[in-house]
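User: Please go through the backbone and the sheet architecture of this model with me, one question at a time.

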Amino acid sequence: MINAGLFAIALAASMGVSAQKFEQLAKTPQLGWNSWNTFACDVNEKMIREMADAMEASGMKDAGYEYINIDDCWHGERDKNGFIQVDKKHFPSGMKALADYVHSKGLKLGIYSDAGNTTCAGRPGSRGHEYQDAITYASWGIDYVKYDWCDTKDINPKSAYATMRDAIHKAGRPMLFSICEWGDNKPWEWAQDVGHSWRTTGDIYPCWNCEHNHGSWSSWGVLPILDKQVGLRKYAGPGHWNDMDMMEVGNGMSEDEDRAHFSLWAIMASPLIAGNDLRNMSETTKKILTNKDMLAINQDKLGIQAMKWIDEGDMEIFVKPLDKGDYAVLFLNRADTSVNYSLDWNFHYMKDDIFKHEIFFDKKKFNWRDIWNGGKGTTAEKLNLTMAAHSVVVLRLTPQ
């Protein structure tokens with residue numbers, strides 16, 4: 001039993017706080033998959049192994065995805081010393097064996113816990129066991145910790161998340177720390193030195209523009225989550241990202257909506273964590289998730305989150321500065337009907353006061369390439385678009 005041997009280590013670690021996170025992680029937004037959106041509590045080691053296989057076989061690994069994340073409900077009980085155990089019925093081989101399998105694929109394994117006494121599904125949380133849990137995760141070979149915020153009445157979020165950050169660092173294994181606090185306590189203002197990403201909203205729902213009220217909380221569609229990012233881009237950057245929640249690509253929206261959802265998350269420099277069943281996704285879903293040009297925009301090393309440049313109601317245009325003087329420009333049709341839209345670049349000026357970028361389009365010309373449709377053009381000429389309802393056009397601009 002490793003737990004008895006870890007008890008003294010965990011106790012000693014809890015007495016020496018390190019007050020830092022692993023800085024070398026998440027220099028670009030994390031790419032991966034998470035079990036919750038499709039499977040909720042129906043998780044087991046066979047399915048997780050199959051997801052790792054599918055990530056490799058589908059081309060997602062080659063496209064840059066690396067994390068296979070188990071969300072809530074993997075937990076068993078705590079032993080007599082307080083160390084967490086896996087649910088032996090669903091994970092009979094143990095978490096270490098599962099991590100070894102995922103690692104053998106060249107991928108990384110993530111796990112889930114909660115700052116409260118219990119998780120959102122009522123399993124054992126980490127409150128009071130942070131150092132034990134971090135030591136346990138490290139011994140299993142875990143690479144990623146998603147840390148939720150259920151059952152946290154009268155808990156200070158800054159202290160709770162800092163405690164788990166310190167526990168992870170003391171455990172000695174680099175683990176990406178994903179803060180899932182739902183934005184209730186404005187983590188973007190205090191969590192840059194605590195986590196590698198933080199959720200900015202409540203849970204996502206696979207719809208374009210909806211709110212699902214659950215009584216004490218709501219889940220949100222693509223547009224409501226997008227709208228909640230206003231004012232947050234200045235807090236994002238390499239190693240600390242605004243997390244717009246796991247993606248719903250392939251989970252029931254239309255192809256245009258899926259493409260728009262993926263593109264918006266990518267240009268906003270959000271972590272891209274797929275939430276569909278990778279084993280049986282359609283070719284359309286696979287092509288969306290593995291679009292290397294769109295992923296390159298998300299993974300650009302400048303790490304700048306896009307800003308809304310032009311707002312004309314149902315038509316919005318976002319701009320993201322990229323490395324080597326390039327820019328990504330996303331045109332979003334929020335409306336329920338198709339639109340024709342024209343942009344005369346020469347009459348427009350773009351200035352990003354926060355990250356100090358500007359373009360005088362009448363003086364500086366760019367060649368552009370359509371990320372999704374492959375078209376090409378130049379900003380020296382007027383741009384004319386016909387856009388379906390709930391769709392995007394994404395252009396990558398390169399200086400002439």
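Analyst: Helices (H or I, at least four residues) and strands (E, at least two) are taken here as DSSP runs, numbered from the N terminus. The model is predicted, so local features need pLDDT of at least 70 and side-chain atom pairs count only at pLDDT 80 or more, while totals for chains, interfaces and linings use all residues. Residues are numbered from 1 along each chain as its sequence is written, and side-chain values use heavy atoms, with hydrogens and water left out.

User: In which loop is Asp151 found?

Analyst: Most residues other than glycine have a negative phi. Asp151, although not a glycine, has a positive phi of about 55°. Its place in the chain is the loop between β6 (144–148) and α7 (157–171).

User: Is Cys73 buried or exposed?

Analyst: Cys73 also has a positive phi, of about 90°, and lies in the loop between β2 (67–69) and β3 (75–78). Buried means under 20% relative accessible area, exposed over 50% and partly exposed in between (1.4 Å probe, protein chains only). Because its relative accessible area is 2%, Cys73 is buried.

User: Which strands are the edge strands of the open sheet of six strands?

Analyst: Two strands pair if DSSP finds at least two bridges between them. The sheet has the order β13-β14-β15-β22-β19-β20, with antiparallel pairing. Those that pair on one side only are the edge strands, β13 (307–312) and β20 (376–378).

User: Which residue is the bridge partner of Asn333 in β22?

Analyst: Strand β15 (residues 327–333) pairs with strand β22 (residues 391–399) in the antiparallel sense over seven bridges. In β22, the residue bridged to Asn333 is Ser391.
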